[in-house]
Amino acid sequence: MIPTHLRQELEQRVAQAITPREAAVDVMKELQRHYGWLTDEAVAEAAAILGLSPLQVEELATFYEMIYRRPVGRTVVHVCDSISCWAMGGETLLRHLEQLLGIEAGATTADNAVTLLPCCCLGNCGNAPALMIGDQLFGPVSPEQAAAIIADHRKPPQP
Ligand code: FES
């Protein structure tokens, strides 16, 4: 259950939006920040805050790649696998990260530190190949740079 102050803040955001759906991504992202991923409980809470049905929230959640409906690691690395990045070495970058992290794309490291997710165009095509961690975009990223970027952005375990 989210704390009262967060619920009130989100209700306020929804009240200020033209339609509840307009605030849906914002609400889901905040709940995801709170829980680490969008749990079933979070879907129900988002639905209550937005005045939508849980099914409507579910539909929105599955549409957005940055909303996670299953547990993810503390740091999520999105690697673009769309055409510009693919043409500029995105696949090599992804394979390199798989090797570096010892996981396949779509998986999370055993220590729960990093999840590696291929994704659609990040809107950074001019700087391909691109990756994104949190709200931060990177590109063009060489395999060597990717290792340093991940090391810099790896979140430590919660005490
Ligand atoms: S194709 Fe990769 S950012 Fe657009």
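How many of the 159 residues of the protein count as buried? The share is 28%. A residue is buried if 20 or more other C-beta atoms lie within 10 Å of its own, exposed if 12 or fewer, and partly exposed in between, with C-beta atoms placed from the backbone.

This is a predicted model, in which local features need pLDDT of at least 70, side-chain atom pairs count only at pLDDT 80 or more, and totals for chains, interfaces and linings use all residues. Residue numbers start from 1 along each chain as its sequence is written.

**Whole chain**

Start with everything shown as cartoon. The C-alpha atoms fill a box of roughly 45 × 35 × 25 Å, taken along the principal axes. Count 7 helices and 4 strands. Helices (H or I, at least four residues) and strands (E, at least two) are DSSP runs, numbered from the N terminus. Along the sequence the pattern reads α-α-α-α-β-α-α-β-β-β-α.

Now colour by domain. Domain 1 takes 4-63 and domain 2 takes 75-153. These bounds come from an automatic or database domain assignment. The centres of domain 1 and domain 2, taken over C-alpha atoms, are separated by 27 Å.

Contacts come next. Two residues are in contact if their C-beta atoms, placed from the backbone, lie within 7 Å. Among contacts with a separation of 6 or more, 55% join residues 24 or more positions apart.

Select R13, in helix α1 (residues 4-16). R13 has 16 C-beta neighbours inside 10 Å, so it counts as partly exposed. Setting aside neighbours within four places in sequence, R13 is in contact with A23 and D26.

Two packed helices are described by the angle between their axes and the distance between the axes. Select α2 (residues 24-35) and α3 (residues 40-50). Their axes come within 10 Å and cross at roughly 145°. Axes here are lines fitted to C-alpha atoms, for helices over the stretch in contact, and angles run from 0 to 180 degrees between N-to-C directions.

Is the crossing right-handed or left-handed? α2 passes α3 in a right-handed crossing. A crossing is left-handed if the near helix is turned anticlockwise from the far one by less than a right angle, and right-handed if clockwise.

Show side chains at the contact. α2 brings A24, V27, M28, L31, Q32 and Y35. They meet A42, E45, A46, I49 and L50 of α3. By class, this contact has 9 nonpolar, 1 polar and 1 charged residues. Ala, Val, Leu, Ile, Met, Phe, Trp, Tyr, Cys and Pro count as nonpolar, Asp, Glu, Lys and Arg as charged, and the others, Gly among them, as polar.

Stay on α3 and pick V43. V43 is buried, with 21 other C-beta atoms within 10 Å. Beyond four places in sequence, V43 touches L38, P54, V57, E58 and A61.

Select C80, C85, C121 and C125, where UniProt places the feature "binding site" in an unreviewed entry. UniProt positions are given in the numbering used here, feature names are shortened, and annotations may be inferred rather than shown by experiment. The four span 46 residues in sequence, yet no two of their C-alpha atoms are more than 9.2 Å apart, so they gather at one spot.

Zoom to C80, in strand β1 (residues 75-80). C80 counts as buried, with 28 C-beta neighbours inside 10 Å. Outside four places in sequence, C80 touches C85, G90, C119, C121, L122, P129, A130 and L131.

Move to C125, in the loop between β2 (114-119) and β3 (131-133). C125 has 17 C-beta neighbours inside 10 Å and counts as partly exposed.

**Backbone checks**

Most residues other than glycine have a negative phi, and most peptide bonds are trans.

- P129 sits in the loop between β2 and β3. The A128 to P129 peptide bond is cis, with omega near 0°.
- P140 sits in the loop between β4 (136-138) and α7 (143-153). The bond joining G139 and P140 is cis, with omega about -10°.
- N112 sits in the loop between α6 (90-101) and β2. Phi of N112 is positive, near 65°. N112 is partly exposed, with 14 other C-beta atoms within 10 Å.
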